[in-house]
Amino acid sequence: MKFWPVRLVFILFSFFACGQQAEISLLLDSAKALWYKDFDKTNQLLDQSERYLELLNDSSSIRAKLEVLQCRVSSCQAFSRYRLWKENIEKTERFLLDHKAQLGNEFHLLQLDNELSRAMYYVEIHDDSRALPQLVRLQEALRALPQTPLVCHNVFLTTNYLADIYHRRGEHKAAINQNLSGVPYFSCIDPDSEGGYDAVIYRNVGLNYLEMRDFDNAKKYLNKAENIIREPLKKDPESITHHALALFESQADLHKMTGNPDSALSSIRKALPLLNLRTVRDEFKGRISLSLASLYLNLDDFRQALYYLDKAEAFFRRAGDQNSTFLAEVFLLKSDFFAKQEQASEALNYCNQSIDGLTIFFRPEDNYRPVQKVLSNKKLFNALQVKSALEEKLFVEHGQISALKEAFTTNQRAIALLDSTSIEFSLDEDRINLTGQGFRAFEVGIRVSDLLYRLTGDKKYAVQAFILMEKSKGALLLENLRMVNRFSGVSEEWISREKEIKSEMLAVEKSLYEIELGKQSANPNQLRERYADLKHQHGKLVDQFRKQSPDYFKLRYDHTVISIEAIQHQLLQPGEALIEFFVGDSVMAVAGFTAKGQYLNVKPLPPGFTGNLNEFRSLLTKSSSAEFSQRSLELYDYLLKECLDEVGQGVRSLTIIPDGLLGYIPFEVLMPAREKNNYLNDRYAIRYAYSATYLHEQLRRKPTPSKNFFAGFIASGHLPGNLEASRGRQLATIQGAEREVASIAKLVRKKYRIFNPAAREDFINHAADYKVLHFAMHSVVNDKNPMLSEMVFAEADSTARSLSAIDLYSMQLNSELAVLSACNTGMGQLQKGEGIMSFSRAFAYAGVPSAVISLWKVPDEATSKIMVGFYRHLKKGEPKDRALQLARQEFVRDNPEYAHPYFWSGFILTGTTDPLEFPVTFQWHWLLFTLLLILLIGGYAFRKRLIPGRFLSGSS
């Protein structure tokens, strides 16, 4: 009995401890229910929990203490309390290390969970250099673990945050595939946790498609997100409000961009009732107000626009400095507001505020040390474009040349930002989208530079106008060529590995596209995970280039272009001229050069220019048209007359660098004078190029000599029925294909091979062995996805019957010339800043420096005769452009009934013009002649020796 007081104390303490634990459990449950709703209340509950836990202070409290820390981290994240967020992550890390032994097997998973919080913190403060590698490591580690609800939840978060980084950088394809790779993990996430994960992903996917201006896919995924979110929003709106608000905001943007303001307002009105919920943060109230302001400004309802702009600004300021990107959007929209009110100075003031908000950022570290940083390259680029246009407008209004010089400087900043941003991109498609979105900056820069040149006479402005014309074209092709030409100082193995990675990424993209069309039944989730892995591998490899081969990295991503002096002294010979075009929304620039002459003119586009050019293309492909000659003459006068009058004396060959829709027309058909059948083809040999810089870089190329000379690929018959059906149309037999290739082979005579019927594998396995590749087959242009345009082979029993542009992008060929007498091989989708995404571009990417391509389906008989004539003149040693010119002239002379350009101008030459060295053939008739001559001479000499008088005279 003597121990009963001790037992009583123990029993009382146990009751007390149980009560404390119950109280702690209740407090923690309450805090977990409020962490995303009320920061201060959550903090109070967690403080109280900690006081109770200090009283217990035993091993049973470790889990509860950890839950308190985790809840603090989540609450700081939800309310963007950056300093406290970072502090609590570090406290959690120390706590985990201190209690590693007690936590046992759980330690590793809990540590990964805390590391994920740290990565999310870096994402939120826009420190992508730390966030990106950490998220990649976490994703790999989490995917290797058994799929518990917590693991699946964290994999979802890593995919979502990685996608957020890619989206912010403008790598939209990477963001889409990263987002969708998280879909399989939905099924194992705890169903009692906060819902709407799939809706978040589909909304983000839709937003990325929206940025790419792929409105069909944007609508598809945004609608999918709304269907998912509808029921949860009715049952528990507070838990899913922010997801819903972001979705309605994106739907409004879609309708606004597609010209449906009423639908956009309807989407925003769906968001308005949710703003009254107490869980809605000021950031989201500001975002909805900003959307409304943008819509009303588009509708020219200036009173409502200003009202919502002021509201948005107030909400974002109340939310704190972390919303400076949103404040920057407010200021940029206010700039647009005052510009529409013809108050350029006030508009410029707000534009400068937007730029300041995007470029000065206080990192939430200890001491709050300010650092120079760009929060959003894309938003800053847009703001710089707006500023440049406003400064130009101030010049127009007040005539101050200083304002025009400011516009020039601002534009240079914008172009430099575009260059530096594109370096970070892995996938060509994302970089093409980036260049297209920035195309207007080139137009403004060219216009401003030309104005300054005219006003000051300073030639540096004329040079800058030409530099911008060059920079606006074919940057990806140029980079690819530089990658091949300049890999000295870098491991060739790295170059090969990069090409392999990018090729596989393209192949994954192709498979995903075909799954969407129902042509493949593979698992899309596995493909997306593979794509994400490849993306990470490519990032590591490029980082390796940057750190270990800085000289190569600098050369490869060199955005400088050829100088005017180099064009005149290195690219052009006497009798040659280069004429380059830039076609903007309001102006056209024309630059012309010969070895000694220069010309530059920036002029307004005439009204209806695009429509007139399309009409001319239509007339061109009709075998008879009374209007054609007049249109041809007018187009020559506008495009070329002044330039050729200035620099064209003694010129016999032209290099044309087209732009925009000009890439769809052959300049050979333009008429300099009102004479029947008087075309440029009668005066000049013409070739086309992607840019002068690209041509110059091709001079550095040293291809591996090919083993053989000529390979002809023929696929002239009807295609298998199932392939025809998949194209939705019949592809007719190419009647003259066999005759055409056989006639060319007869000219070549040796080192040739004809593949008939040609299979795709014939090309894959043998193309690299031939100097000249000739294709007589159909092509199918995919306007929606140019990378999936196809050249159709005759492989009856295989699913792989066609060669896509993607296949060519992954190859490295040693050929000097590709002749694509297939239909429409010069056609494709026009991408601003890159040009026409045709097969000729794909062959250039694969390393073929010149190609003959077709701009429309040329009749079989004309095709055959022109092609054979082309090779005949090549064999005589003519340059490629001259050989094609002579073949066309010869065809018209021999077939006067086919004098209309429809029959002879469909084929054009792109790239280099060097003559081809044909294989030397053994000429038997010359050998026989030589032998006969030797015999005759020998017989004559022998006969002379037998004449008696010769010896007599010789002895006298």
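Seven bridges tie strand S4 to strand S5 (residues 598-604), and the two run antiparallel; strands pair here if DSSP finds at least two bridges between them. Helices (H or I, at least four residues) and strands (E, at least two) are DSSP runs, numbered from the N terminus. The model is a predicted one, so to speak of local features takes pLDDT of at least 70 and side-chain atom pairs count only at pLDDT 80 or more, while totals for chains, interfaces and linings use all residues. Residues are numbered from 1 along each chain as its sequence is written, and side-chain values use heavy atoms, with hydrogens and water left out.

Back to the strands. Four residues sit between S4 and S5 in a hairpin, and Met588 has Lys603 of S5 as its bridge partner. Strand S3 (residues 576-583) is joined to S4 by six bridges, again antiparallel, with Leu578 opposite Phe593 of S4. A hairpin of three residues makes the link from S3 to S4. As for burial (under 20% relative accessible area, with exposed over 50% and partly exposed in between; 1.4 Å probe, protein chains only), seven of the seven residues of S4 (residues 587-593) are buried, so the strand is largely enclosed by the rest of the structure. Both of its faces are covered: one carries Val587, Ala589, Ala591 and Phe593, the other Met588, Val590 and Gly592, all of them buried.

Then there is helix H36 (residues 860-875). Its 16 residues, at 1.5 Å a residue, should span 22 Å, and the end C-alpha atoms lie 23 Å apart, which agrees; the expected span is 1.5 Å times one less than the number of residues. Buried residues of H36 include Ile866, Met867, Val868, Phe870 and Tyr871. Just past the helix, Gly877 has a positive phi of about 100 degrees.

Tyr166 belongs to helix H8 (residues 149-169) and counts as buried because its relative accessibility is 2%. Leaving aside residues up to four places away in sequence, Tyr166 touches Leu132, Glu171, Ala174, Ala175, Gln178, Lys535 and His536, where contact means heavy atoms within 4.5 Å. Gln178 is twelve residues from Tyr166 in sequence, and their C-alpha atoms are 8.8 Å apart.

Zooming out, the chain has 40 helices and 18 strands, and 56% of its 956 residues count as buried. Of contacts between residues at least 6 apart in sequence, 71% join residues at least 24 apart. The chain exposes about 42,600 Å², 52% of it supplied by carbon and sulfur atoms; accessible areas come from the Shrake-Rupley method with a 1.4 Å probe, and for residues only the protein chains shown count as cover.
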